[in-house]
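Biologist: Can you put the model up? I'd like to go through the metal site and the packing around it.

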Amino acid sequence: MSERQTCPSAPVVLPLRLDAEPKPVPGCAHCDNIAMEHDRARANGEASKRRDCNVRLRRHLSADHR
Ligand SMILES: [Zn+2]
């Protein structure tokens, strides 16, 4: 087998945009928690904390809400 996996165009599987904020799932305590922290960070103008919440929520969504 000499076929190499150097495809020039990577397949677009996940339509993830980094600046799109993930949505918390209603009724999930964990989502609620992160959403509350996110709201507080937004109110305080803490951009890095907001980004952190987004990352955590996105990870939680893909782990527990698939
Ligand atoms: Zn959740």
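Modeller: One definition before we start: a residue is called buried when its relative accessible area is under 20%. Cys53 has 1% relative accessibility, so Cys53 counts as buried. Bear in mind that this is a predicted model.

Biologist: What does Cys53 touch, leaving aside its neighbours within four places in sequence?

Modeller: Ile34, Glu37 and His38 are in contact with Cys53.

Biologist: Which residues make up the largest nonpolar core?

Modeller: There are six: Cys28, Cys31, Ile34, Cys53, Leu57 and Leu61. Two elements give two or more residues each, helix H1 (29–44) and helix H2 (47–64). H2 supplies the largest share, three residues.

Biologist: Lots of cysteines there. How many disulfides?

Modeller: Zero, taking a disulfide as a pair of cysteine sulfur atoms within 2.5 Å.

Biologist: On to the metal. Which protein atoms are the donors of the zinc ion?

Modeller: Cys28 and Cys31 each donate through SG, while His60 and His65 each donate through NE2. The donors lie 2.0 to 2.3 Å from the zinc ion.

Biologist: And why is the arrangement tetrahedral?

Modeller: The angles subtended by the four donor atoms run from 106 to 112 degrees. Four donors count as tetrahedral if all angles lie between 85 and 135 degrees, so the zinc ion's arrangement qualifies.

Biologist: How are the donor residues spaced in sequence?

Modeller: The pattern is C-x2-C-x28-H-x4-H. Cys28 sits in the segment before H1 and His65 in the segment after H2, so this pair ties together parts 37 residues apart in sequence.

Biologist: Is Cys28 buried or exposed? And what about His65, with its relative accessible area?

Modeller: Cys28 is buried, at 15% relative accessibility. His65 is partly exposed, with a relative accessible area of 31%. As for Cys31, that residue is buried with a relative accessible area of 0%.

Biologist: What separates the C-alpha atoms of Leu61 and Cys31?

Modeller: A distance of 8.1 Å, with the two residues 30 apart along the chain. Cys31 is also in contact with Leu61.

Biologist: Which other residues is Leu61 in contact with, again leaving aside neighbours within four places?

Modeller: Pro22, Lys23, Val25 and Arg66.

Notes: Residues are numbered from 1 along each chain as its sequence is written. This is a predicted model: local features need pLDDT of at least 70, side-chain atom pairs count only at pLDDT 80 or more; totals for chains, interfaces and linings use all residues. Side-chain values use heavy atoms; hydrogens and water are left out. A nonpolar core is a set of buried Ala, Val, Leu, Ile, Met, Phe, Trp, Tyr and Cys residues joined through side-chain atoms within 4.5 Å. Buried means under 20% relative accessible area, exposed over 50%, partly exposed in between (1.4 Å probe, protein chains only). Helices (H or I, at least four residues) and strands (E, at least two) are DSSP runs, numbered from the N terminus. Contact means heavy atoms within 4.5 Å. Donors are N, O and S atoms within 2.8 Å of the metal (3.2 Å for Na, K and Ca); water is not among the atoms, so sites may look incomplete. Four donors count as tetrahedral if all angles lie between 85 and 135 degrees; four count as square planar and six as octahedral if opposite donors are over 155 degrees apart and all others between 65 and 115; anything else is irregular.
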